[in-house]
Amino acid sequence: MQLQYTPRQQAFRAEVREWLASNLPEKPLLTLEGEEGFHQHVEWERKLAQGNWGMVTWPTSYGGRGLDLIEWLIFEEEYWGAGAPLRVNQNGIFLLGPTIMEYGTEEQKARFLTPMAAGEKIWAQAWSEPGAGSDMAAIKTTAYRDGDHYVINGQKTWSSRASFADWGFGLFRTEEGSQRHKGLSFILFDLNAPGVTRRPIRQLHGNPGFAELFFDEVRVPVENRLAGEGEGWKVAMATAGFERGLMLRSPGRFQAAAKRLVELFRKHEHNAAPSAREAVAKAWMESQAYAYNTYAVAAKIMAGGSIGAEASLNKIFWSELDRAMHRTAMHLLGAAAELQQFADGSANDWLEGYIFSLSGPIYAGSNEIQRNITAERLLGMPRVGAG
Amino acid sequence: MDFLIAPERLELAEAVRDYLSGTHGPEVLRKLDADGNRDTAIWQGLVEMGLPGLLVPEDQGGLGMGLLDAVLIARECGRFCLAEPLVESAYVSVPWMIARGDTGRLAEVATGDFRPIAAHSINGWHSDGEDGSLHSVDPLRNLAQLPDDASDDPHLLDLGALMASAQLVGLAEAMLDQAVEYSKLREQFGQPVGGFQAIKHKLADVAVALEFARPVLWRAAQALEDGEGSAALHVSHAKLAASDAAYLAGESAIQVHGAMGYTYEVDLHFWMKRAWALSGAWGGRGFHARRVDDAIIGGDHPIGPQNTFA
Ligand SMILES: Cc1cc2nc3c(=O)[nH]c(=O)nc-3n(C[C@H](O)[C@H](O)[C@H](O)COP(=O)(O)OP(=O)(O)OC[C@H]3O[C@@H](n4cnc5c(N)ncnc54)[C@H](O)[C@@H]3O)c2cc1C
């Protein structure tokens, strides 16, 4: 164990810091859950890509920097430490990207990865259906074969970013009459293809952060299928692993929030509840613990290991930490918690953050499901009874 | 930067685990509890494994290892609820003696003939003696009044708190394992109780608490070993995370065992009681929470994503 960064790592940190300092948007961007903010964020993705910072761990041949996971963590620390914008293309770069690298053909890699790293195409994930949330194997949307095309019919929902994104990836039933996780295929589709209708759904904060998608005889070339026909479940599980595991939520985001929370507490200490002090210290401790754990997992992967069901522990931990931290901030703000904008005109990021944090325990597989996975696969408890 | 525990270190801990699982099972705890709680054969076995000399320099007959190794072994001692006070004497006192240059008797520590007592004024008593006036809830602890010259050295306190944290992690892991095992065997409503989600989720939460206490412990050990300026903060963090995990594990494990868990008949209580004792020893929750608080909220310890490590 070696807790000091190497001179090379420090130089890299300095390079990231410098680039961010001279390239960050001057004003905070509008929320990416609204149309205007979405496009501002796309601009930011492209700027990142111009600096070659789109996806630092990817091979250089796809627009990455070929960096290792520790360097990725350093990048993320600088990114969140600088207060840089959320990543509008996270579904693409953190979820689909690694999945394509694992399951895609050379042709698919060339076709999809480079534009993804360049921020040219923004991706949405289309798994859930109205009748298939936690029970994802219950999906019904079909894709039947017609020559060298699939023809998709049905409906997806709660697809983040799909209100404005360019492309989607999803699971479709390619074998007629198949049940549960059999007969599904993982297919990439153009959200602007004829027959696709998007209905943006307003979320708790009032913005259309996700959308319902209707498919009416949508034709998709067979070469848009990732891995074999009928292998979709396996591929989707790999993607879900990326989602819960290392990449989706790097610790910097929570450490930055914990730091802001400490600052907020210092400002409001005079009328804070006695318990707030402990909650604030706990936010720091948990965000640090999450960071250490991520470093440990990164080191383990770099040494040839892998993460499995432990990803569920991660997902439970960061989502509940995020919610607790933002709840504490709401309490500290007192009456001002309700304001969308403070008197000085600055946005109430705590309120927006709190609302968003409520979704963390739901998306990427609800925390109840993650607890089931933990109990059954990690602890080896019996798979009987409810769930 | 490499936040990975070297495989050799894990192998050593694994060997200790194998040894203790063969020689220090629950039947030993029950026997010690019934017949008086020391057995020289157990101490002798630890000496033969070289464990008292783990941190004693090689030129004095020890293994010359570091705090991270000791933490890994202390965790195993917690896992098996080891009755002998190996951790406090060999992994708290020894590095403290070395730091003070008090190395005259270290060779005797390695041979097991001298068992130094680590006594810090923050504790009301120490755990390797027979005083008669003090009874711990943990039947395997032998409390004795602190000597008058008990130290108030903060380094000693950090060593003690670190090693208590390591044992707490091991205790919590063992309690989780026991609860999982019991949940598979005990049937109600025609199925193992471990099939019920309310039970699964309780134990999943223990697994989460442990997953995020362990790396904090590793970090604290390495920080103390390296003499990092903020080591005390990391130790306090570890003590809080470990004792919270241990309390959660104990309470959850009792609940999963039902009334059986409330009896002396299952072994669980040994672990739980040790956890209560160690959570308070070497600075309780209040002390460590205040140290974190002073550094993070009241102090100027640099925080935020760019300060994960110094
Ligand atoms: C902000 C946000 C973004 C999202 N983005 C996407 C996206 O981009 N793409 C996409 O495909 N989906 C997305 N989702 C959908 C998300 O994946 C689902 O909401 C999630 O899987 C839960 O499904 P559900 O909402 O149908 O809840 P339900 O499955 O109806 O569950 C309702 C409640 O019952 C609990 N429950 C269900 N089954 C069990 C069980 N077996 N044991 C115990 N409890 C159970 C759940 O935990 C939950 O608390 C998003 C959701 C949110 C909130």
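Colleague: Which polar atom does the side chain of Gln108(A) have 2.9 Å away?
Modeller: The backbone nitrogen of Thr105(A). That's a polar contact (a pair of N or O atoms within 3.5 Å; within protein, one must be able to donate a hydrogen and the other to accept it, and residues adjacent in sequence count only if both atoms are side-chain atoms). Bear in mind this is a predicted model: local features need pLDDT of at least 70, side-chain atom pairs count only at pLDDT 80 or more, and totals for chains, interfaces and linings use all residues. Residues are numbered from 1 along each chain as its sequence is written, chains are lettered from A and ligands numbered from 1 in the order in which they are written, and side-chain values use heavy atoms, with hydrogens and water left out.

Colleague: Is Gln108(A) buried or exposed?
Modeller: Buried, because its relative accessibility is 3%, and buried means under 20% relative accessible area (1.4 Å probe, protein chains only).

Colleague: OK, new topic. Where's the ligand?
Modeller: Between chains A and B. There are 19 residues around the ligand (a heavy atom within 4 Å), and among those that come nearest are Ser134(A) and Gln197(B).

Colleague: And which residue has a polar side-chain atom 2.7 Å from a ligand nitrogen?
Modeller: Ser160(A) does. There's also a backbone N or O atom of Trp158(A) 3.0 Å from a nitrogen of the ligand.

Colleague: What about Trp127(A), which ligand atom is 2.9 Å from its backbone N or O?
Modeller: An oxygen atom.

Terms used
Buried < 20%, exposed > 50% of the residue type's maximum accessible area, 1.4 Å probe, protein only.
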